[in-house]
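Please look over the sequence and the structure shown here before reading on. The notes that follow are grouped by topic.

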Amino acid sequence: MLLTLEDVRVHYGKVEALKGLSLEVGEGEIVALIGANGAGKTTTLKTVSGVRPVTSGAIRFEGRDLIGVPAHKRVQLGICQAPEGRRIFPGMTVTENLEMGAYGRKGGKGKGALGPDLERVYGLFPRLAERKSQAGGTLSGGEQQMLAIGRALMARPRLLLLDEPSMGLAPKLVTQIFSVLTEINQQGTTILLVEQNAVQALQRADRAYVLETGRVVRSDAAAALLNDESVRAAYLGGDVSASK
Ligand code: ATP
């Protein structure tokens with residue numbers, strides 16, 4: 001397994017946000033976390049990226065114990081989260097924003113070394129390629145989201161963590177973002193994804209976990225969850241067009 005969480009508990013003061021959560025992500029998979037507001041999805045990602053400490057439990061990446069490993073070291077190991085809420089650098093150009101993404105990674109930062117990485121991101125997001133010199137803050141919401149994902153890719157992650165990449169986007173753009181995520185995955189990056197847009201997430205994911213109040217209540221192949229009546233009623237808005 002690439003990533004393993006075992007009986008993880010996380011607290012915010014007295015509030016127990018994760019109550020013994022266990023999950024696994026295999027190399028090459030897209031795994032989705034779905035669940036109601038406050039279920040602990042974002043907290044799970046923060047725990048993996050290392051910005052939130054655990055109270056107890058185990059986190060392993062390629063068998064290596066991550067407890068106590070600070071966030072920046074986890075980036076060097078290959079765990080990278082796309083900036084939350086599209087937090088890009090508004091005063092910097094698109095290219096400069098992307099270059100910042102390579103800052104925390106190990107090696108390959110010498111002169112000209114970023115060229116292939118930039119080309120890869122611009123290949124995935126032609127809209128960004130057309131706006132290389134534009135200030136990040138003047139991009140549309142969807143373009144900023146693309147930039148945030150692109151910036152994370154510059155770190156050459158083995159495991160890409162994404163918190164609601166489709167939030168606030170028009171339906172057409174949502175489909176586009178999800179199709180790029182599939183492409184990123186096919187290029188070899190494992191993805192752990194949190195999504196409110198559960199139907200699209202399950203259509204793209206290999207497997208998924210359903211979280212409820214800090215625990216995993218279901219886990220299965222994404223297609224199986226997508227076609228499960230009770231999951232559809234509770235999490236997919238009962239959308240009958242949800243099936244693949
Ligand atoms: P959403 O879909 O609404 O983003 P989520 O599943 O991502 O929800 P989390 O953000 O992980 O849920 O929150 C899990 C629980 O932890 C919630 O009860 C939330 O109120 C609590 N929590 C999250 N962040 C904090 C914080 N900084 N301080 C106190 N409690 C917090």
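**E195 and its surroundings**

The side chains of E195 and S166 are joined by a polar contact of 3.0 Å. This is a predicted model.

**More on E195**

- E195 sits in the loop that runs between β8 and α8 (198-204).
- Is E195 buried or exposed? With a relative accessible area of 2%, E195 is buried, because the limit for that class is under 20%.
- A polar atom of the E195 side chain lies 2.9 Å from the backbone nitrogen of N197.
- Neighbours within four places in sequence left aside, E195 is in contact with L33, I34, E164, P165, S166, F178 and A201.

**The sheet of 6 strands**

- An open sheet is formed by 6 strands in the order β6-β7-β8-β3-β9-β10, and its pairing is mixed.
- Its edge strands, β6 (79-81) and β10 (215-221), each pair on one side only.
- On average, and with direction ignored, neighbouring strands of this sheet are turned by 20° against each other.
- Strand β3 (residues 30-35) and strand β8 (residues 190-194) run parallel and are joined by 4 bridges.
- Within this pair, V31 stands opposite L192 in β8.
- Helix α7 packs on the sheet and touches β3, β7 and β8, its direction making about 150° with that of β8.
- Helix α1 lies across β3, β6, β7 (159-163), β8 and β9 (207-212), and runs at about 150° to β7.

**The sheet of 4 strands**

- Another open sheet has 4 strands in the order β2-β1-β4-β5, with antiparallel pairing.
- At its edges stand β2 (15-25) and β5 (64-65); each has a single partner strand, so one side of each is left without a neighbour in the sheet.
- Strand β1 (residues 3-12) runs antiparallel to β2, and 8 bridges join the two.
- Which residue of β2 is the bridge partner of L5? The partner is L23.
- Helix α1 (residues 41-49) packs on this sheet as well, touching β1, β2 and β4 (56-61). The direction of α1 makes about 110° with that of β1.

**Helix α7**

- Helix α7 covers residues 171-186, and at 1.5 Å a residue its 16 residues should span 22 Å. Its end C-alpha atoms are 23 Å apart, which agrees with that expectation.
- The buried residues of α7 are L173, V174, I177, F178, V180, L181, T182, I184 and N185.
- An α-helix has 3.6 residues a turn, so residues three or four places apart point the same way.
- After α7 comes G188, whose phi is positive, near 115°.

**Nonpolar cores**

- The largest nonpolar core has 50 residues, and L128, L181 and I184 have the most contacts inside it.
- Helix α7 gives the most to this core, with 7 residues.
- A second, separate core has 25 residues, including L3, L21, V194 and L211.
- Residues up to four places away in sequence not counted, L128 touches V94, V121, Y122, L139, E143, M146 and L147.

**Y122**

- Y122 is placed in helix α4 (residues 115-124).
- Y122 has a relative accessible area of 7% and is therefore buried, the limit being under 20%.
- The side chains of Y122 and T95 are joined by a polar contact of 2.8 Å.
- Apart from neighbours within four places in sequence, Y122 is in contact with V94, T95, L98, L128, A129 and K132.
- Y122 and K132 are 10 residues apart along the chain, and their C-alpha atoms are separated by 8.9 Å.

- D7, a residue other than glycine, has a positive phi near 50°.
- D7 belongs to strand β1, and at 42% relative accessibility D7 counts as partly exposed.
- T213, also other than glycine, has a positive phi near 35°.
- T213 lies in the loop between β9 and β10, and with a relative accessible area of 51% T213 is exposed.

Conventions:
Residues numbered from 1 in each chain as written. Predicted model: local features only at pLDDT ≥ 70, side-chain atom pairs only at ≥ 80, totals over all residues. Heavy atoms only, no water. Expected span 1.5 Å × (residues − 1). Buried < 20%, exposed > 50% of the residue type's maximum accessible area, 1.4 Å probe, protein only. Core = buried A, V, L, I, M, F, W, Y, C linked by side-chain atoms within 4.5 Å. Contact = heavy atoms within 4.5 Å. Pairing = 2+ DSSP bridges. Axes fitted to C-alpha atoms, helices over the stretch in contact; angles between N-to-C directions. Polar contact = N/O pair within 3.5 Å; in protein donor to acceptor, adjacent residues only side chain to side chain.
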